[in-house]
Amino acid sequence: MKHVLRIRDRLRVETLDVEEGTSVSEALRALDREAVETPCGGKGLCGKCRILLARGELSAPDERESRLLSAAEIAAGSRLACRARLLGNAEIELAWRGEASIVTAGPSSAFALDPPARRVAVFPTAPKLEDRSDDEARLLSALAGALPPDRAPSRVALAALPGLALAARGGEVEALIAGDEVLGASSRRAGERSLGVGVDIGTTTVLCRLVDLGSGESLGARTELNAQRGYGADVLSRIAASEEGGGLEALRDRIRSQIARMIVDLTLDAGASAEEVASIALAGNTTMLHLLAGVPPGAIARAPFTPAFLAGRAEGAAALGLVSHPGCAAFLLPGVSAYVGADIVAGMAAIRLHESPGNSLYLDLGTNGEMAFGGRDGILCCATAAGPAFEGAGIEKGTGGFEGAIDSVWIEEGSIRYGTIGGRPANGICGSGLIDALAAFLDAGIVDETGRVADADEAGALPPALGALVAQGEDGPRAYLDRKREIYLSQADVRAAQLAKAAIAAGIDTLLLAAGRGLDEVDRLYLAGGFGSLLDVHGATRVGLLPPELADRVLVVGNAAGAGATAACLSRQALEACSRVVSLCKYVELSGRSDFNAAYIERMIFPERG
Ligand code: FES
């Protein structure tokens, strides 16, 4: 039996017909946006999927809801969307989460303008009775006459043949060439430009940048939260979701249609048409590229962690559902391993790490800390599981990088102050705020080096303005940033952040050890990705996430993966740079390494006050 679910938020009211027994979070997936956050993938563990039941019939709160919501909250109508099931018509309210703050900019890379996929217009000879060679042969021969020998394609892809069969009847034919293959063929349309799109598919966000393949000019960029987030915040939750019936297809279709829509929006904004897009280069972690391709990613989550594919490849973008016209190439960039994917490779290519003299350390921090160390003579790389704390998940008052998230904390005139994204009233703590808050609490003596939050006696010995920030919660002491708004770090939050920072710091230690190098031999420290870009270096060194010795060598490079993908669709040299990076990379497996385990335990301790 179906019931009506009415959904209200600050901007709209929507209605869905929902089968009885469906969870609210499953029902909300039918909306074309992420209505609630579900970082734990709907397992009832994170408490982030709260909704308010205004009226109607939902299942009674189960044991997990009763654990994550107080009796007062349940009495006021709060529910977890992943646990509450529809038993009759119902109306729910969603909290307003504001706009996401997403890092779009990346390093600008100077690669020669020479797109790896190009449209070339030629006049194949018209078919006649004396020369009955097929359309493919006549097109290849015309292209061989028009292009230098090393650029002439040798075959036509099956997907291009239907268009060729209609076009090659005596007029001008436009062929889309990638490598030595024709990927698309159609009658030439006057006035069309050739456009390209660089895409970075992050687990949290998706970036698309539109460029003119003729001039190299950027025509605009869009970033959105990844439409798969309803299936969990991290790659392991997405992999688990892909293994449920129909999960892989659902995740594949979500990301494909999101990118396709973003491309349409970008081209409309630029006064162009999506049909003018001739090339799309895609970076992303290994799991994201598997999901895009519709390839089961399950083996990535299980030892020995072998993905189905890592090599770069050129495909027809229409076959991947990214555009609807045949004349567009999609380049999937290469990765190194299950956990050092094409996003890290594209980022390193964008900053030309593969050509750099000396030694650079490259860090992309998120739920996985992916890192690389080296330069033109060789690169060691590894990935360390930091957990979702830096994405704001698993932290009681944690949130993503949305408006109102506390993103900076400092001590001023003897008390703790904070700033929020967009200057909005505080509604939670995001990853950079978490690091800053820990640094401030450590300096204030509210948290000690072992990560223990002060008890009542210890708080009493602190200056009154600081001591008043400590209070006893249900599960132990809390360190408050804002008592009025109930924003604090619990003892468990401090432990989660401690584990995350220890994983990253121990990863850096182990990578340097494996390379036989010391901190004094690190010439540059590149911080990539959204979290890295917002990170305050002082806070990061204070909590021991980054080595203080490298504080003066930090270069923030923003969305380097997006920059690398964009460069790859503009330049064959940049595309080849990705392959060069992969060939230089050697993966260091951290699990089971005794030196990593020892460093991890050592890095759990926060540095002492200087
Ligand atoms: S508790 Fe519902 S998604 Fe985590």
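## Serine 242 and its neighbours

Leaving aside residues up to four places away in sequence, serine 242 touches Gly247, Leu248, Leu251, Leu291 and Pro297, where touching means a contact, that is, heavy atoms within 4.5 Å. Keep in mind that this is a predicted model, where local features need pLDDT of at least 70, side-chain atom pairs count only at pLDDT 80 or more, and totals for chains, interfaces and linings use all residues. Residues are numbered from 1 along each chain as its sequence is written, and side-chain values use heavy atoms, with hydrogens and water left out.

Serine 242 sits in helix H6. Helices here are DSSP runs of H or I with at least four residues, strands are E runs of at least two, and both are numbered from the N terminus. Is serine 242 buried or exposed? It counts as buried because its relative accessibility is 9%; the cut-offs are under 20% relative accessible area for buried, over 50% for exposed and partly exposed in between, using a 1.4 Å probe and protein chains only. A polar atom of the serine 242 side chain also lies 2.6 Å from the backbone oxygen of isoleucine 239.

## Helix H8, under cover

Leu291, one of the residues that serine 242 touches, is among the buried residues of helix H8. Besides Leu291, the buried set includes Thr286, Met288 and His290.

What does the covering? Among the elements over the buried residues of H8 are helix H6 (235-242), helix H7 (247-269), helix H9 (342-350) and strand S10 (195-201).

The two ends of H8 have their own details. At the start, a side-chain oxygen of asparagine 285 comes within 3.2 Å of the backbone nitrogen of threonine 287. Just after the helix, glycine 294 has a positive phi of about 75°.

## Zooming out

How many helices and strands does the protein chain have? There are 18 helices and 27 strands. The chain's radius of gyration is 26 Å, close to the 25 Å from the globule rule for 610 residues, so the chain is as compact as a globular protein of that length. That radius is taken over C-alpha atoms, and the rule is 2.2 Å times the number of residues to the power 0.38.

Buried residues make up 55% of the 610 in the chain. Of the contacts between residues at least 6 apart in sequence, 68% join residues at least 24 apart.

How values were computed:
Polar contact = N/O pair within 3.5 Å; in protein donor to acceptor, adjacent residues only side chain to side chain.
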